Amino acid sequence: TKEDQTMDVLRYIGLPDTQKARVQAYFTYVTQFNHPGNLVPPPCCCPGFLYRKHLEKIPLFSNLEPAFLVSVAQRMRI
């Protein structure tokens, strides 16, 4: 992890223990308060599948392949 790598570098360069403790406290803070936990952002393909059916209803897109409609929907900005 980044924390382990950072702490290894700090040990290697001989940083005083007080400074290493501050860096360790930072990593502790980040994991306690900023860690997303089990919240995983939805994959980028979700909008494609959500809006594909709506695109199929538009005459311009009615006869196009589903894969193309998914790619169009992914690039849409609302």
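**Figure 1. Leu15 touches Leu10 and Lys20, leaving out residues up to four places away in sequence.** Contact here means heavy atoms within 4.5 Å. Welcome to a predicted model, in which local features need pLDDT of at least 70, side-chain atom pairs count only at pLDDT 80 or more, and totals for chains, interfaces and linings use all residues. Residues are numbered from 1 along each chain as its sequence is written, and side-chain values use heavy atoms, with hydrogens and water left out. Leu15 sits in the loop between α1 and α2; helices (H or I, at least four residues) and strands (E, at least two) are DSSP runs, numbered from the N terminus. With a relative accessibility of 25%, Leu15 counts as partly exposed. On this scale, buried means under 20% relative accessible area, exposed over 50%, and partly exposed in between (1.4 Å probe, protein chains only).

**Figure 2. Lys20 is a buried residue of helix α2.** This helix covers residues 17-34, and Lys20 is part of it. Its relative accessible area is 16%, so Lys20 is buried. Setting aside neighbours within four places in sequence, you will find Lys20 in contact with Met7, Leu10, Arg11 and Leu15. Met7 and Lys20 are 13 residues apart along the chain, and their C-alpha atoms are separated by 7.3 Å.

Figure 3. A salt bridge is a side-chain nitrogen of Lys or Arg within 4 Å of a carboxyl oxygen of Asp or Glu, and the structure holds two of them. Asp17 has 58% relative accessibility and counts as exposed, whereas Lys20 counts as buried.

Figure 4. An α-helix has 3.6 residues a turn, so residues three or four places apart point the same way. Asp8 is partly exposed, at 42% relative accessibility, and Arg11 is partly exposed too, at 48%.

**Figure 5. Val9, Tyr12 and Ile13 make a nonpolar patch on the surface.** Together, Val9, Tyr12 and Ile13 have about 390 Å² of accessible area. Such areas come from the Shrake-Rupley method with a 1.4 Å probe, and for residues only the protein chains shown count as cover. Patches are made of residues with over 30% relative accessible area and no salt bridge, with like charges joined within 9 Å and nonpolar side chains (Val, Leu, Ile, Met, Phe, Trp, Tyr) within 5 Å. Val9 belongs to helix α1, residues 2-13, and is partly exposed at 48% relative accessibility.

**Figure 6. The largest nonpolar core has five residues.** Leu55, Phe61, Leu69, Val72 and Ala73 make up this core, and helix α4 (residues 66-75) gives the most to it, with three residues. A nonpolar core is a set of buried Ala, Val, Leu, Ile, Met, Phe, Trp, Tyr and Cys residues joined through side-chain atoms within 4.5 Å.

**Figure 7. Helix α4 has a buried side and a face turned away from it.** Leu69, Val70, Val72 and Ala73 are the buried residues of α4. Looking down the helix axis, these residues fall within an arc of 165°, so they line one face of α4; the arc is that of the directions from the helix axis to the C-beta atoms. The face turned away from the buried side carries the exposed residues Ala67 and Arg75.

**Figure 8. The whole chain has four helices and zero strands.** From the N terminus on, the elements run α-α-α-α. Of the 78 residues, 15% count as buried. The accessible surface comes to about 6700 Å², and 62% of it belongs to carbon and sulfur atoms.
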